[in-house]
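Morning, everyone. Please bring up the model on your screens, and we will walk through it together.

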Amino acid sequence: MPLNLANIPTKKDLMDSAVRKALKVAAGMKKTRNKERRVKEKESKKAAMLGKELSSKLHAVSVSFPNLEDMHKFHLELLSSSVDIDSLKQALAHLEKSSKLIKKLMIETIKNIHRSDDKVKVIRERKRFFARADSIISKVEKSLNIVRSAVINGRRLPKLKLECLTVILAGFPNTGKTTILSRLTTSKPEIASYPFTTKGVKFGYFSYKYHDVQVVDTPGLLDREMAKRNPVEKRAIAALKYLGEVIVFVVDPTERCGYQLKEQMSLLKEIKKIFSQKIIVVFNKADIATEEEMKKARKETDGIVSGEGVESELREILGKEAIENFKGK
Ligand SMILES: Nc1nc2c(ncn2[C@@H]2O[C@H](COP(=O)(O)OP(=O)(O)OP(=O)(O)O)[C@@H](O)[C@H]2O)c(=O)[nH]1
Ligand SMILES: [Mg+2]
């Protein structure tokens with residue numbers, strides 16, 4: 001989603017600025033001879049300014065968050081790992097309802113002011129509206145906080161192109177994922193934040209038949225067994241289900257990465273179970289792998305060869321598979 005998210009005011013900001021504006025508008029009024037009329041006008045102007053200010057600001061907050069129904073599943077799932085989506089929906093609805101309520105009370109107050117002929121009553125009516133508005137604003141504080149925290153988390157969502165053909169890199173640490181990212185992509189890799197990994201995600205692009213293919217390196221995410229994950233991490237990983245059409249599983253047949261082929265195969269099996277994207281295995285480090293090691297790896301699974309100096313058809317295959325598996329978003 002385009003994260004064009006506004007700053008969310010605090011309860012105090014809202015009330016202070018609205019009261020200030022209300023008093024200022026009344027102070028700036030021209031003096032009239034008819035004292036009674038002047039009081040009425042003054043008090044109704046104060047009520048109108050306060051009411052408009054508060055209701056428009058609450059409305060602005062309630063629509064400041066991108067429509068949750070329209071949000072891409074990848075972002076929605078990621079957001080839900082740090083934000084309770086139902087509470088967020090309720091908070092947004094509460095703000096909109098409060099905005100309307102203040103407007104309604106403002107209209108009633110102005111009517112009552114104009115109906116009244118007693119100066120004391122007029123002032124009392126206006127003060128009562130200020131007090132009620134203050135109490136409504138006090139009650140929205142929790143909702144404002146919920147939206148604010150969602151906005152902060154929303155800003156941290158990775159800015160990946162979700163409409164782009166996308167390939168995700170997976171595999172144990174040191175198998176060569178980042179090296180493959182640099183080999184594949186023509187653009188300088190960028191880094192986007194990703195919840196629960198300080199390393200973020202790295203991504204770059206290459207062109208295939210007039211399409212941009214986005215390649216995403218996911219350090220710390222798809223490089224360990226899921227049993228070792230906490231529930232929050234699991235959710236952040238689950239979001240990847242909605243990203244892209246192909247997962248490249250990088251295998252190091254030389255085992256120089258520090259993980260045995262057997263372990264690498266068991267992670268592959270797990271990834272196959274979790275994700276529905278097309279999975280392509282790449283045997284990396286082919287330049288240093290022995291024939292024996294390659295043969296052993298091939299016995300376990302089919303795959304494509306990649307390695308230093310082995311500029312294989314990897315781009316071609318990944319581009320083709322990405323197009324074939326594109327489901328449209
Ligand atoms: N000989 C050879 N070495 C490679 C190849 N690919 C990667 N390496 C080396 O393997 C080591 C790990 O590569 P990285 O690309 O950092 O591996 P990674 O999977 O991104 O590792 P993490 O980010 O820790 O998960 C580095 O020293 C690379 O130079 C290859 O095809 N051939
Ligand atoms: Mg890496």
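In which strand is the place of Lys-202? Lys-202 sits in strand E3, residues 197-208. A quick word on terms: helices (H or I, at least four residues) and strands (E, at least two) are DSSP runs, numbered from the N terminus.

Before we go on, the ground rules. This is a predicted model, where local features need pLDDT of at least 70, side-chain atom pairs count only at pLDDT 80 or more, and totals for chains, interfaces and linings use all residues. Residues are numbered from 1 along each chain as its sequence is written, while chains are lettered from A and ligands numbered from 1 in the order in which they are written.

Back to Lys-202. Is Lys-202 buried or exposed? It counts as buried, because it has 21 C-beta neighbours inside 10 Å. The cut-offs are these: 20 or more other C-beta atoms within 10 Å of a residue's own means buried, 12 or fewer means exposed, and in between is partly exposed, with C-beta atoms placed from the backbone. Beyond neighbours within four places in sequence, Lys-202 contacts Thr-178, Leu-181, Pro-189, Ile-191 and Asp-217. Contact here means C-beta atoms, placed from the backbone, within 7 Å. Lys-202 and Pro-158 are 44 residues apart along the chain, and their C-alpha atoms are separated by 9.9 Å.

Now compare Glu-190. Glu-190 lies in strand E2, residues 190-194. Glu-190 has 15 C-beta neighbours inside 10 Å, so it counts as partly exposed. Its contacts, leaving aside neighbours within four places in sequence, are Phe-203 and Gly-204. Asn-230 is 40 residues away from Glu-190 along the chain, and 27 Å separate their C-alpha atoms.

Next, the whole protein. It has 11 helices and seven strands. Buried residues make up 36% of its 329 residues. The C-alpha trace spans about 100 × 40 × 30 Å along its principal axes. The radius of gyration is 30 Å, but a compact globule of 329 residues would have one near 20 Å. That radius is taken over C-alpha atoms, and the globule rule is 2.2 Å times the number of residues to the power 0.38.

How is the protein divided? The domain assignment gives domain 1 (11-155) and domain 2 (165-325). Such bounds come from an automatic or database assignment. The two centres, taken over C-alpha atoms, are 51 Å apart. Seven residues from domain 1 and eight residues from domain 2 make the contact.

On to the cores. A nonpolar core is a set of buried Ala, Val, Leu, Ile, Met, Phe, Trp, Tyr and Cys residues joined through C-beta atoms within 7 Å. The largest one has 46 residues, and those with the most contacts inside it include Val-167, Leu-169 and Phe-249. Strand E5 (residues 246-251) gives the largest share, six residues. Another core, of 28 residues, lies apart from it; Ala-18 and Leu-54 are among its members.

Last, ligand 1. Which residues are closest to ligand 1? They are Pro-173, Gly-176, Lys-177, Thr-178 and Thr-179, out of 15 that surround it. Near means a C-beta atom, placed from the backbone, within 6 Å. Thr-178 is also one of the contacts of Lys-202.

Definitions and conventions
Contact = placed C-beta atoms within 7 Å.
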